[in-house]
Amino acid sequence: MNNKTIQSSRNSRIGLIIFVIASLIFLDRVGSRLWELPTPIERLELYLVDAALRLRGTQTPSAPIVIVTIDDNSLNYTGYHWPWPRTYLAEIINALNNAGARVIGFDVMLFGSDPDPAGDQALAEAFENAGNVVAVMNIFRSANTETLELPITPYPEVLADMGIAGILADNDAIIRSVQAYDHSAYDDRVYFNWAFEITQAYLGVDPPQSPALDHLVFNSKIVPLQNGRLSVNFNGPPETFTYYPAFQVALGDYPAETFKNKIVLIGATSVTLQDIYPVPFSTSKRMPGIEITANVVDTILSGDYIDIPSPAVRVLILIFTAIFAWLISRRRLPGKAIIIMFGSMVVYGLIWFFLFTQRQWQFELAAPELMLLLGILVPSFDEALNQELEKRRLQKLFGQFVSPEIVSQLIKTPDILSLHKRANLTILFSDIRNFTNLSEKLTPDEVVGMLNPYLDVMTKVVHKHGGTVDKYIGDAIVAFFGEPVPHPDHAIRAVRTAMEMRVELNKLRKVWLEEGRFDGIFDIGIGIHSGDVFVGMIGSVQRLNYTVIGDAVNTAARLQDQTKFHAWPILISGQVYNIVKDEIAAEFVEERLFKGKQEPIRIYKVLGIE
């Protein structure tokens, strides 16, 4: 492969990697916004994050949080239709207060009045006596209107606090984050997720401050957000937190130590109340919203926030990965490049898993891994395609000169430039005697009918002995031995080729005589000489030839001319004789000084094989 081809291949490889980068960035950053659907890369990324959490396994909650469940057993036992009478809810609050619960999170809507006026009064008194109840509120928006849904009077006055309970699903409908805060235009107030309010009441600290799209400040710590979302560091699948049925709490079935100094969250877990969601640990068995809140509170208390880098950082990681992929792809051996690629993917995956599960740094995994994969495979495929095209080009080029076996060896040559060299070769020059006069007595079809079979047979003989057909000059054949596949015995190969050419010529003449196509004299002369020549690819962009250049070629041609003068079909030079004298029988003819030579050439007749 020449320098121009190599440079073109490198440019193609760089172009392919740039195309892969652009495609991945487009799909990862722009595609979902255009189509409002998760892209394949986004789906893969979410799947890998969920798989990492499941591989990490369930971990024990760090905070003392328990859940009082409004479950099917409680609904069946009480016999009440939902919503329950607020007098009964007041019994549960009083039981928890008497047990010493430190904070009570109450996930039951209080936006309307109870059918029994005494019910609201009883529940409000229970809230006031406890002094530690945090409830939920909502902000609804539609078109140009905003509705602020707050618990009815008298609840706001007796609640410790209240907040939004925005549970947010990703594009694949799985819950991985909650709405950290919301700004109400109705009363120009920022309402935080009620998990922050629960934690604030538990710790006795100031409320969250400085809300922004990428962070807020709580308990003197920066809480990382993603576009106003707080990622939930789930401890495990549903029921990782301890459940206590509400009807048993109301009956007093549990000792006070069960709830003492703990955060107690009250909420629906019954499937019929439809407050259940798919989460990373489990998409079939869904998690109640109240347990999602428990995971959020535990995330805030532990400080193990999942920190997702900004899009700019993720793009930089992708570009860095692309540069690394490009460096790998520059290796000449695709096999090693692919091994390094898979090794790098494994190492990056292990580092990512450690940082995510132990440090809660959620860098991107899918896109960089795909960048490594495609950044190697695509250029490798392009390189393989270029190599295949180059092989076919070589097959087409060298198939004219050498045998298919030698072409196969040439194709394995890693650098075609290595074929350009100076080498000591043996040159064979063959010519038909008096072919000009002979052709004048034949029709053009008869000339072609003789010359083509002759050249075909002689070429096969050259190839058989590992020679290369340089060119046909009319009826003359120029061949050389020793390149492109080196043969130390190139001189004897050339001599044996000449002798077999004579044998094959006799066979051809016999066939022609039997067919009555030709009854004249058809003979050849062959000159053979060994010497230093230049061998390589010579020509233009439109046409290249693999050929030899040098004085040795001229000497072989002069020796072939001498076959006419000495009336002998095969003549070799002294240089060839000195190499092959132990293997052939030869006879010295003369020493002649050819035109342009300073030293005379010794000429020998080839008599046969010793």
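Author: A residue is called buried when its relative accessible area is under 20%. Keep that cut-off in mind as we go through this predicted model.

Reader: Happy to. Where should I look to see how the cut-off works on strand β2?

Author: Start with the general idea: in a regular strand the side chains alternate between the two faces of the sheet. Now take β2, residues 103-106. V103 and G105 lie on one side, I104 and F106 on the other, and all of them are buried, leaving both faces of the strand covered.

Reader: Which strands pair with β2, and in what sense?

Author: There is β14 (residues 263-268), which pairs with β2 in the parallel sense over 4 bridges. Strand β3 (residues 133-142) also runs parallel to β2, joined to it by 3 bridges. I104 is a handy landmark for both pairings: it stands opposite V264 in β14, and opposite V133 in β3.

Reader: Let me step back for a moment. How many helices and strands does the protein have?

Author: The count is 18 helices and 24 strands. Of the 610 residues, 49% count as buried.

Reader: What strand order does the open sheet of 3 strands have?

Author: The order is β6-β7-β12, and the pairing is antiparallel. To read the edges, look for strands with a single partner: β6 (167-169) and β12 (229-231) each have just one, so one side of each is left without a neighbour in the sheet. From one strand to the next, the twist averages 45°. Between β6 and β7 (residues 175-179) you will find 3 bridges, and I167 has V178 as its bridge partner in β7.

Reader: Now helices. How should I describe a packed pair?

Author: Two packed helices are described by the angle between their axes and the distance between the axes. The crossing is right-handed.

Reader: Which residues meet where α7 and α9 touch?

Author: From α7 come W194, A195, F196, I198, T199, Y202 and L203; they meet I290, T293, V296, V297, I300 and L301 of α9. Sorted by class, this contact has 11 nonpolar residues, 2 polar ones and no charged ones.

Reader: And how do α15 and α16 cross?

Author: The axes of α15 (residues 444-464) and α16 (residues 490-515) come within 10 Å and cross at roughly 150°. Angles over 145 degrees count as roughly antiparallel, and α15 and α16 are therefore roughly antiparallel to each other. This crossing, too, is right-handed. On the α15 side the contact includes M450, P453, Y454 and K464, and on the α16 side E500, E504 and W512 are among the residues involved. By class, the contact has 11 nonpolar, 1 polar and 3 charged residues.

Reader: What about loops? Is Q362 buried or exposed?

Author: Q362 sits in the loop between α11 (334-359) and α12 (366-398). Its relative accessibility is 14%, so Q362 counts as buried. Setting aside residues up to four places away in sequence, Q362 touches V49, I306, D307, I308, P309, W352 and F356.

Reader: Which residues is K597 in contact with, beyond its sequence neighbours?

Author: Leaving out neighbours within four places in sequence, K597 contacts D551 and T555. K597 lies in the loop between β23 (584-592) and β24 (601-609). With a relative accessible area of 23%, K597 is partly exposed. K597 and T555 are 42 residues apart along the chain, and their C-alpha atoms are separated by 9.2 Å.

Key: Residues are numbered from 1 along each chain as its sequence is written. This is a predicted model: local features need pLDDT of at least 70, side-chain atom pairs count only at pLDDT 80 or more; totals for chains, interfaces and linings use all residues. Side-chain values use heavy atoms; hydrogens and water are left out. A crossing is left-handed if the near helix is turned anticlockwise from the far one by less than a right angle, and right-handed if clockwise. Helices (H or I, at least four residues) and strands (E, at least two) are DSSP runs, numbered from the N terminus. Contact means heavy atoms within 4.5 Å. Ala, Val, Leu, Ile, Met, Phe, Trp, Tyr, Cys and Pro count as nonpolar, Asp, Glu, Lys and Arg as charged, and the others, Gly among them, as polar. Buried means under 20% relative accessible area, exposed over 50%, partly exposed in between (1.4 Å probe, protein chains only). Two strands pair if DSSP finds at least two bridges between them. Axes are lines fitted to C-alpha atoms, for helices over the stretch in contact, and angles run from 0 to 180 degrees between N-to-C directions. Angles under 35 degrees count as roughly parallel, over 145 as roughly antiparallel, 65 to 115 as roughly perpendicular and the rest as oblique.
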